[in-house]
Amino acid sequence: CGSSYDENNFDTILWQINSEGHQIIYGEDIYDGINDFGNYAHQTMDGGYILLGTFNDSIHLIKLNHNGTIDATFGTDGIVIITECNEGIYTQQFDDGSYIVVGNTKEGIGQRSNVYINTITPSGIVNAEFTIGGTYIDKVQSIMQTSDGGYVFTGYKYNHHLKKMFG
């Protein structure tokens, strides 16, 4: 999953690479004229894909069928938009068919950011969000579910007093 520039703007794109070469499975044309960036893709239990991207200062999840067409049964016509998060980083499908989404929010002036965590139902309904952060920069890189049903995630935090980033 990534982005491709079409002389007008950046579009989310999903490539498949195998022993026969590569092919484009999906090329986004929904947000024509708006830059959008594919940040992460995960193959779903049904053989399709869930794409996580950033566009227009929010994130979008696009659910694809195994053949690369949009799965209209997910969200609104195959798409879930989350405006409370500015940068989508990672998504994964759980055994029950739901998804977890993590990203980073922009807060206030300058470089302040917080970690954004949310779950999405198999049909694309967004649950209550959870944010973690302090006064300065807090960013997430990855997340996984633990055996007790909780989560662990990696990222980094800026310590203003020491003027350092800790990961």
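## About the model

The structure is a predicted model, in which local features need pLDDT of at least 70 and side-chain atom pairs count only at pLDDT 80 or more, while totals for chains, interfaces and linings use all residues. Residues are numbered from 1 along each chain as its sequence is written, and side-chain values use heavy atoms, with hydrogens and water left out.

Strands are DSSP runs of E with at least two residues, numbered from the N terminus. Seven of the seven residues of β5 are buried, so this strand is largely enclosed by the rest of the structure; buried means under 20% relative accessible area, exposed means over 50%, and partly exposed lies in between, with a 1.4 Å probe and protein chains only. The cover extends to both faces of β5, with Tyr-49, Leu-51, Gly-53 and Phe-55 buried on one side and Ile-50, Leu-52 and Thr-54 buried on the other.

Strand β5 pairs with β6 (residues 58-64) in the antiparallel sense over seven bridges, where pairing requires that DSSP finds at least two bridges between two strands. The two strands form a hairpin with two residues between them, and Asn-56 in the turn has a positive phi of about 50°. Phe-55 stands opposite Ser-58 in β6.

Thr-44 lies in the loop between β4 (36-43) and β5 (49-55), and Thr-44 is buried, with a relative accessible area of 6%. When its neighbours within four places in sequence are left aside, Thr-44 is in contact with Tyr-49, Ile-50, Lys-63, Gln-93 and Tyr-99, contact meaning heavy atoms within 4.5 Å.

## The open sheet and its edges

Four strands make an open sheet in the order β8-β9-β10-β11, with antiparallel pairing. Because β8 (87-93) and β11 stand at the edges, each with a single partner strand, one side of each is left without a neighbour in the sheet.

The partner of β11 is β10 (residues 113-120), which is joined to β11 by three bridges and runs antiparallel to it. In this pairing, Tyr-116 has Thr-131 of β11 as its bridge partner.

Ile-132 is found in strand β11 (residues 130-132) and is partly exposed, with a relative accessible area of 32%.
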